[in-house]
Amino acid sequence: MKLSTNFSLNEFASADGTAPTNDVLKNLTELAKNLEALRKNLGQPIRITSGFRSKEHNAKIGGALNSYHVLGMAADIQVAKIKPEDVAKAIELLIKDGKMKEGGLGIYKTWVHYDIRGNKARWKI
């Protein structure tokens, strides 16, 4: 199932095979639309390393208790040959320009967390 032009539901699927609810599917569609803006801006594909997580899978991997991944509102992403810091900078500019939704933005060693919570949250690990 396509969520947007370049993203499919399979890319965001919970690793334990749990199917998303309709509410989660709606959130994933909105998240994919936002990531489309980033993909267009960067001019290359985005790899989803973690999207939707069931509560059980999130707990198993030590995810935050109130993780936006459980709601289908977050993705951990990588872009080939672009450092996480530079991906985050691109997201910041797109948020500023109104092309991506304000939300959580976390910079990790090999990936970026982006979520559509609606308010600004920033961290670096």
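1. Of the 125 residues of the protein, 45% count as buried, where buried means under 20% relative accessible area and exposed over 50%, with partly exposed in between, using a 1.4 Å probe and protein chains only. Please keep in mind that this is a predicted model, in which local features need pLDDT of at least 70 and side-chain atom pairs count only at pLDDT 80 or more, while totals for chains, interfaces and linings use all residues. Residues are numbered from 1 along each chain as its sequence is written, and side-chain values use heavy atoms, with hydrogens and water left out.

2. The protein has four helices and five strands, and from the N terminus their order is α-α-β-α-β-α-β-β-β. These elements are DSSP runs numbered from the N terminus, with helices being H or I of at least four residues and strands being E of at least two.

3. For overall form, a compact globule of 125 residues would have a radius of gyration near 14 Å, and the 13 Å of the protein agrees with this; the radius is taken over C-alpha atoms, and the globule rule is 2.2 Å times the number of residues to the power 0.38. Along its principal axes the C-alpha trace spans about 35 × 30 × 25 Å.

4. The largest nonpolar core holds 31 residues, among which Phe12, Leu35, Leu38, Ile77, Ile91 and Met100 touch the most other members. Such a core is a set of buried Ala, Val, Leu, Ile, Met, Phe, Trp, Tyr and Cys residues joined through side-chain atoms within 4.5 Å. Two or more residues each come from α1 (9–12), α2 (22–42), β2 (74–78), α4 (84–96), β3 (104–107) and β4 (112–115), and α2 gives the most, with eight residues.

5. Ile91 deserves a separate look: leaving aside its neighbours within four places in sequence, Ile91 is in contact (heavy atoms within 4.5 Å) with Leu38, Ile77, Met100, Leu105, Val112 and Tyr114.

6. The buried residues of α2 include Leu28, Leu31, Leu35 and Leu38, and the cover over its buried residues includes α1, β1 (47–50), β2, α4 and β4. After α2 comes Gly43, whose phi is positive, near 75°.

7. Lys81, in the loop between β2 and α4, has a positive phi of about 65° although it is not a glycine. Lys81 is exposed, with a relative accessible area of 88%.
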